[in-house]
Every structure is written in structure tokens, then in C-alpha cells.
Amino acid sequence: MQEQELQALLSQLSPEEKIGQLVQLPASFQEEGNATGPAMQMGLTQEDLALAGSYLGLIGAKKLRKLQETYMARHPHHIPLLFMADIINGYRTVFPIPLAQSCMFDPALVEACASIAAKETAASGVHVTFSPMADLSRDARWGRVMEGGGEDPFVSGQTAAAMVRGYQGKDIRDKGKIGACLKHFAGYGAPEGGRDYNNAELSERTLREDYLPAYRAAVDAGCALVMPSFNTLDRVPSAANAWLLKDILRKEMGFSGMVISDWSAVAELIPHGIARDEKEAAYLALRAGVDMDMSSPVYIKNLKALVEAGKIPLQWIDEAVLRVLTLKNKLGLFENPFKDLDENEESALHLCEAHRQAARKCAEKSFVLLKNEGSLLPLAEPGETAWIGPYVDTQMLNGAWSIFADDGDTLSLRSALALHEKTKNAPTAVGCAIADPDSPVQGFMSAVSLSGVDEAQALREAAALAQKAKNVVLALGEHRECSGEAASRGTLTLPKCQLKLLDSIAEVNPNIIVLLFTGRPLDIRAVQEKAKAILLCWLPGTEGASAAVRTVLGEASPSGRLSMAFPYCVGQLPLHYNHLRTGRPYSGDYKAGRFGSKYQDIPNDPLYPFGFGLTYTEFAYGPVTLSQSSIKKGGGLTASVTVTNVGKRPGEETVQLYLRDECGSVARPVRTLKAFEQVTLKPGESRRVSFRIDESMLRFYDIHMAYTSEPGDFTVFIGPDSRTEKGARFTLKEE
Ligand code: NOJ
């Protein structure tokens, strides 16, 4: 449709029809087909249901074709429905959780995975995914860290932008493409105390400097929608924050797409205590720029009365409706309301071999080797290895958001071992349950039943197996429902039963290789102490188990880097490598005196820092050299380093460049990641890696809140992780 046709359509709509376009209902309402049950509780009538412009959570070509047909036939103007769903790390073929994907430091691969997810989703009739989540997260207590890109603005932004490109391609109208909804704008990843849905306390400078860049990267990549966050910023919930949604998002960032509230967030302005009733909530959200109300009756029940009472200009409604219609138009729904839904394609695409292979490749690349004493990994003789642990025999490897995937399609480690020639006869034992029987694990979509393993017997069997084996691969981790939405934790250790298993195995066999399955960084001091090798597998998806087996055997080599540090313990949180300098930095020497910024009982540094990850080989870095020692505004220089594979196996190294501004008008971080590059080198091979540093990379929000660079000295660090000390200095000259 042309722009004028959309305008013409808008002008023909009645107030009820317009408001209907601003409403998204949950799947359960449609499954019922009429205004009973939950719909009735929400006070919705049959007419409300007939006019609602969008549904979330419905999926499946056959079902959605029928629904679209019936809906459009009934709709007075035959406007198609918009279907959205949470496709977070794959639909039927499940990829590693987004946090794991960000550890690949490989935006092209992230993009490829998102593009596969889009294809599978589009064939099932969905038009938009609620992804990516670009919420910077520095606190592993927050369960949703699994859905984002970790603690660094640059890596989070690269990951989110890559997902947008993968989902949307060049044009969301194209076959196999879907719209991307960036979320949760803004600061949702900074809830106080790490507790989900809690409020964020961020200065405007911190918000702009650290939290907004990742969202901006996704907006620049062209995301079609944005979802405001649940939290308050400066005491205003985002769904009512006109400064955030209009001044920052639309004016500063130039976003012109549609804004949809998070689930019931408009109604939640009442418990937030900034709206007295639904009318006020509707007024505040529409005024702030929320176009569509997800899963709440607030818009549908109140907007008309507000217009009639003269409290809301009709123009506000028209603008919001136009944005909804524009999105439908961009998706091509007016020409083809079914877009790509196709039952044949569904069965051809879902979980096809190519998609499974991509999922395996992605899992392999997302694994992070945290420890490898004596190069125990890869295993030379897998035959003498026992595979033990609760993660040996589970298909729950998908991450809490994989709500449309079937666990039955996911390989367990046990079946992956059985399928591999070298491990088909490997002895296995579960050793204990995934969670303690008294654990408070709650399900997201359904109740969790914690399996009744006979602990004493399971432990005995496992220990007996371990005693006979040369090495033990111990598959441990957090239950997948312990991360994700509404899954915050105040303790980050492994369950008691797993720690007991670790102890019992360590008593009989010192050669322990831990495979760690988790949706968030954990406190793994016990594992670090007892295991010789630790391979972090995250929640790796459909093919994660085969990826793990191949990596243990050395058929794949780990190259992932932590996009989020593993803390020493919970007491360090929140934690991030790019922290500000203090007036009393800690020298690292505890005996040097009391008055340094430190803890009395724990170290300042995390157990494993941002950017960290080992490989099966070793890399040596030469000195950092600069093409010139000073630059002017608008100028730049090249920083280079020679990287050599000094180990015995080929490997991939992620070369990381950090910058430190030595002095600014406001306190500057100790260092900030500005670029990275991956190089694959054979043993003995060297490569010169060069990075361009432009003056624009030195900019920050100065004392006047102007985004600019300040003359002075800068240090460039280039190395394998955020602790690298290899560096060189240059000066940004006065004009
Ligand atoms: C609430 C979550 O915060 C959001 O991320 C998600 O997309 C919506 N529910 C829809 O399921």
C-alpha cells in the first residue's frame, strides 16, 4: 500500500476500530475463541476480541492461516492481524542462549543463527519476534542475563545488531524475514539487587554512556519495533516515560517504528504508583509514546472515553494507529496477509539438517574453556573416560525461553555419546539430580517436577564408575528454569547435591573435566578447585550435546570468550571490568594498609574476567605498536600487534582492543573494549593484526553532557582478555 492509501484507511476507521489496532492479546484468548475465561476477567467483549489488531504467542501455519482468514473476513475493513512471539534463540531448532552467542564474538554467526530462526518462524506464520534483548547486565543474580549480550556495551550492541540483521534482512517483507522488537528500553538489566522487575537507579550519564549504546546499535541496524522496560528510570516507569520514548528514542536515536508495551506494563503503572486508575494509565502511556498495549485491557477499555472527554486528542491515537498500520504494511500483510506461512515449508525447514548443523557450529563456538590444567582437554583416549552428572541424561539444554521447541528434539549428552563412534560405549551415570529436592525452582510456562533420584545409590554408582576410569567428564549445572524471566537468585553456587557429587568424585579420581551448563555466570570456586578442566557450555540448544562431545574429543576447538565475568562470589555483584577508577585504588597487596578500595574477605577481581577464554593451543602477543604517537580531532591512527600460535594445535584467537582515557572532565573507566578481531592460526603461524582508532572512538559524555573527546593521553591495550597489560600510549592534541 502507498502511504496515502494507509492514510485513507485510517480515516475510514471508527474510534473502536482504531483503538483495536492498538491492542495485542495473549494467545490464550484466541485459543478459547470467545470472550470467556481470562478475556472476560479482563472485561473484554466479543467485539473487543474481533477488533484487536495483534496476538502474541500463537504459532503454527495451519492455525494462523485459519485465524487470519476468519478474522479478516469479520473485520469491517479486512485489516490483517499481526502475529508476534518470543523467538529468542531459535524456534524449533534451538541455538545457544543469547548470552552464549555473545561469547562467540562473531556477529556474522549470530546473524546467521537469527536468520535461520526467522525462516523457521516465518514459515509458521509469525511476523515479529520479541528479540533482541540489548539490556546490559552486570549482575549475575538477575536471571535474564541469559537473554542478553553480557556486561559490555560494545559486545552487547554488536550481538543485538547482528540479530536484527539476521531476523529482518534487507527488507522485512522478503521471504523468510520477520520484524525484530528491541527490548527492554531502557536499563532493564540494572535492577536493584539483581531482582527481576525491580527498579534501576542509573545516572543519566551512566545510562547514556553504558546502557544506551547497545540499544542504539539495534536501532541503527533498523529494528522495526521497540519495547519499553518494566523498570523505572529516575523514578518513571518506562511505559510512561516520554523523555525516554520520545526525546531519546525517537528524536536522538531517530527511531520511527512501532513501540509496544511489555506484558501488562501499561496496567502496571497503577501498582507502580504513578497512575490512580486505568484511565490515567492509558493517558500516561499513550502520551509517552506507547503505540500498542500488550496483554492489558487498559487501552481497549479507556481510550475512547478519554478522547470523548477531551483528555486525549484524537491525533495521538491516529499517530499510534498509523505506526501499527505502517508496520503491517512494511511486512506486506495488506497484499499477502499470510506472508510466508506454509505448512510444507514448516516441515521441510524445522530442524532440518542444515539448521541442526548451524546450531551445532554455534554451540561449539559459544563454549568457553575456563580451565585446562596440563592440557587435559582434548581427550586423547576417550575410551577410558566416564561421563557422569545430572546433565548427562537430560534434554533440558535449551534455555528457559525456548517455549515453542520440543525438548524431545534436543540431544542429551548420553544420546550424543551413543551416536559418536569413539564414545558409543562410554560408561555413564547421573550421580544426582539437577536440583536439590528442597530447591525453590519455579517453572516459567509449566510447573517443574524435580526428579526423585535415589541420592545415595546414584552417588555410589557414580563414584564406582569414576574410580575405574582414567578421566571423568562431569556434567554439572544450574536447572534451566533457574535463569530467564523472573528467575533471580541470591546465591549462585551449584545445588548442594551436585557439590556433593563433585566431592565424592574428586575423592576417587583427580582427573575431572567439568562441563558446565548454565544460563548465567555462577560462583564456581568449588569447581575451579576440584576440576582440572572446565568447559562452559551454557544452555547450548538442540545440538549442544553433540557440540560438547566433539569439543571434548578435540574435533572442535573452543574459542569462546566471556561476555560476562564469572564472579568470585555473589558479594562482588554488580561487577564489570569497565568500572571507574577510584581515588583509592587497591594495590593488590592486602598488607599495604587498610584504606584501599577492597574487601576484607574476598578479592576485587572476578574468578574469570570479561573477555577471558582459553583455547586448545597457546597464543603469544608481540608489543603493541602505533602508526603515530599523536592525533588531532577528526584524525586517527593504526594500532597493531603480532599474534603467534605458539602451541601445538591450530586455534582461533579473539584479539581484543581496549582504550583507556588517562584523564577526563569526569571519571573515566579503567578501560573499555573498542574493537576485536578473530584470527585462526596454525601452530607456528603469526599474523599482524591492525586496528584503526579514530578520534570518534575517544568520545564520551563530558562534564557538560556533550558527547565529545577531550585532548590528553590515551592508552591502547591489545591482548587476549580484559586484563591485558600490553599497551602503548598516544596523545589527542589540542586544536
Ligand atoms: C514479558 C517479557 O519481559 C518480554 O521480554 C516478553 O517479550 C513478553 N513478556 C512477551 O512474552
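Where does Pro132 lie? Pro132 sits in the loop between β4 (128-129) and α9 (153-168), where helices (H or I, at least four residues) and strands (E, at least two) are DSSP runs numbered from the N terminus. The structure is a predicted model, in which local features need pLDDT of at least 70 and side-chain atom pairs count only at pLDDT 80 or more, while totals for chains, interfaces and linings use all residues. Residues are numbered from 1 along each chain as its sequence is written, and side-chain values use heavy atoms, with hydrogens and water left out.

Most residues other than glycine have a negative phi, and most peptide bonds are trans. The peptide bond from Ser131 to Pro132, however, is cis, with omega near 10°. A cis bond also runs from Phe185 to Ala186, with omega near 5°, and Ala186 belongs to the loop between β5 (179-185) and α10. His78, although not a glycine, has a positive phi of about 55°; this residue is found in the loop between α6 (61-74) and β3 (82-85).

Turning to the sheet, eight strands form an open arrangement in the order β9-β6-β5-β4-β3-β2-β1-β10, with parallel pairing; two strands pair if DSSP finds at least two bridges between them. Because β9 (258-259) and β10 (293-294) stand at the edges with a single partner strand each, one side of each is left without a neighbour in the sheet. Strand β1 (residues 23-26) pairs with β10 in the parallel sense over two bridges, and Met294 in β10 is the bridge partner of Gln24.

Polar contacts (pairs of N or O atoms within 3.5 Å) can be followed here from the side chains. A polar side-chain atom lies 2.7 Å from a ligand oxygen atom in Arg144, 2.6 Å from one in His184 and 2.5 Å from one in Asp262. The protein covers 95% of the 300 Å² of accessible area that the ligand has on its own, as computed by the Shrake-Rupley method with a 1.4 Å probe.

Notes
Polar contact = N/O pair within 3.5 Å; in protein donor to acceptor, adjacent residues only side chain to side chain.
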